[in-house]
Amino acid sequence: MGEDGQRRLLGSSAAIVGCGAIGASTAQLLARAGVGRLCVLDRDFVEPSNLQRQALFDEDDAREALPKAAAAVRKLRSLNSEIEIEAVVADVSSQNVDELLRGFDLILDGTDNFETRFVVNDYAVQAGRPWIYAAAVGSYGVTFAIRPGETACLACLMETTDRSMLEETCDTAGILGPAVSLVSSLEAAEALKLLSGRFAAMHGRLVSCDVWSGRMQSVRVTRNTSCRTCARREFPYLEGEAQPHITMCGRDSVQIHERRRSLDLRLLESNLAAAGMAVKQNGFLLKFSAPPYEMTVFGDGRAILKGSTDPAVARSLYARYIGA
Ligand SMILES: [Zn+2]
């Protein structure tokens, strides 16, 4: 990409939505390549089971239960101190997507769910902002760079692709580290072309690969001329109802959304400890167990409950320990 391309990279910015497996690998490639401003957004914290595929994290991060965004940024800064890197610990939703993603040249998919992807797709198409879809499940991965007005969007794609492959979640199928590396490399390559202004080099194809069977596929996707999102410009995911109070969040867990309340985690820690509970707090989040459940509470009031997918249980535990 030459000196000029490198300079353009340094003057560019990208937001990575979700910093699990694909998000972390892609963030690392972009930071090393010298993208001038990176923002890593993630709602979750590092756990030992992540280390098999999430390249930016180590055992210390898991022991400390650091938020993935914070752990990622610490690592990224040690890779390239000459770029600007920020961490946002939040769940990207219709309520905050504009505030969090406004102004970035490119949005990268590091999420693990279609709910968030459709919020991002609606936002990107409405704002005319490029974004790159990427996903991996099992040994299979898929990616596609979306340039609103020029290429198909995620909604077009879903009409023409076999959804069953895409909708299996990594919580039920697991995910193989090499599939992650491959897909994030493909995603990062398109990102580098776009951010360095090499638009002609972008292949515009939906690339999918299976590292187990060795099957690779690259297909041209056409725009759906009656696409609800990019043709009719309807954005239900943005205008959508307020986020449900409780949402599924992986196998055997739910997320409890609270409207931006600000919790004093240290006070909560001492209250729970006084009640005889095993509790850990690290400035970003607080974790305690009430067997058979385990709850992780973030400073913004959000919580993840492990051990149940029953919204009623989640609500009652939240009310009992955090307060209504
Ligand atoms: Zn479309």
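I began with Cys230, which counts as buried at 10% relative accessibility (buried means under 20% relative accessible area, exposed over 50%, partly exposed in between, with a 1.4 Å probe and protein chains only). The model is predicted: local features need pLDDT of at least 70, side-chain atom pairs count only at pLDDT 80 or more, and totals for chains, interfaces and linings use all residues. Residues are numbered from 1 along each chain as its sequence is written, and side-chain values use heavy atoms, with hydrogens and water left out.

Next I looked up the zinc ion. Cys153, Cys156, Cys227 and Cys230 coordinate the zinc ion through SG, at 2.2 to 2.4 Å (donors are N, O and S atoms within 2.8 Å of the metal, or 3.2 Å for Na, K and Ca; water is not among the atoms, so sites may look incomplete). In sequence I read the donor spacing as C-x2-C-x70-C-x2-C. Cys156 is buried too, at a relative accessible area of 0%.

I then checked Thr229, which is buried with a relative accessible area of 2%. Leaving aside neighbours within four places in sequence, Thr229 is in contact with residues including Cys153, Asn121 and Phe235 (contact means heavy atoms within 4.5 Å).

Last, I turned to the rings. Phe45 and Phe298 form a tilted aromatic pair, 6.4 Å centre to centre with 45° between the planes (rings of Phe, Tyr and Trp, its six-membered ring, pair if their centres lie within 6.5 Å; planes under 30 degrees apart count as stacked, over 60 as edge-to-face and the rest as tilted). Both Phe45 and Phe298 are buried.
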